[in-house]
Amino acid sequence: MFGMKKIGLFLCVLFFSACGFEPLYVQQKSGNLWFGGDYDASITKEMAQIKVEPIGERFGQQVRNQLLDVLTPLGQPKKPKYRLYVFLQTKDIDQQAMRKDITATRERVKYTVVYYLDSENETLVNGDSIAFVSYDILANPYSTTMAQKKTEADAAKIVANDIAMRLGAYFHTVYSQKGSFREFERKSE
């Protein structure tokens, strides 16, 4: 039985190693294997040139802080090449799990955010991101408030990671098609 598990694990590793997996934020320079090869971190450097514009409301501030952590961990660029604009479009609250007295014991919150990446008044990427979170409404109001704050922070992290991943996919595609960002810049001028 134990031998069959080892064989199954080995086959899974073999299958996934041949599936074409490729990291999003780096490009392989040389070699056939991802382990031990040279990498080009141009995508990460290019994403660090994004200035995240201020976002209104507390939720927007949390999204912006998460984006800053993901996109520009070494600090905001002095002369950014790109500007990222993010707006909270809607915040919908649905009450769930009703008691006999028609009060809810749970709330589900849906945050919808729109964003676009701009470079010299040209929109490069735009889209929306949605996060669903929920929390229990407890007998203690303080506990309910803390649960609300935690789910809001969780939603901000979900939205920021989604936006960062989509931006990374954009830069990965541009880099893969053009070969390098310097070449891309020359062709776009």
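Which residues is Ile50 in contact with, leaving aside its neighbours within four places in sequence? They are Leu71, Thr72, Gln76, Pro77, Tyr82, Leu84, Leu117, Leu167 and Phe171, where contact means heavy atoms within 4.5 Å.

Before I continue, a word on the source: this is a predicted model, in which local features need pLDDT of at least 70 and side-chain atom pairs count only at pLDDT 80 or more, while totals for chains, interfaces and linings use all residues. Residues are numbered from 1 along each chain as its sequence is written, and side-chain values use heavy atoms, with hydrogens and water left out.

Ile50 belongs to the largest nonpolar core, which has 33 residues. By such a core I mean a set of buried Ala, Val, Leu, Ile, Met, Phe, Trp, Tyr and Cys residues joined through side-chain atoms within 4.5 Å. Together with Ile50, the residues with the most contacts inside this core are Leu67, Leu71, Leu84, Val86, Ile163 and Leu167. Two or more core residues come from each of α2 (42-47), β3 (50-52), α3 (57-71), β4 (82-98), β5 (104-119), β6 (122-136) and α4 (141-178). Helix α4 gives the largest share, 11 residues.

As to the overall architecture, the protein has five helices and six strands, in the order α-β-β-α-β-α-β-β-β-α-α along the sequence. These elements are DSSP runs numbered from the N terminus: helices are H or I with at least four residues, strands E with at least two. Of contacts between residues at least 6 apart in sequence, 57% join residues at least 24 apart.

Turning to burial, 30% of the 189 residues count as buried; buried means under 20% relative accessible area, exposed over 50%, and partly exposed in between, with a 1.4 Å probe and protein chains only.

Leaving aside neighbours within four places in sequence, Asp162 is in contact with Asp128 and Ser129.

Finally, consider the loop between β5 and β6, where Glu120 is found and where Asn121 also lies. Glu120, although not a glycine, has a positive phi of about 50°; Asn121, not a glycine either, has a positive phi of about 60°. Glu120 counts as exposed, at 76% relative accessibility, and Asn121 is exposed with a relative accessible area of 75%.
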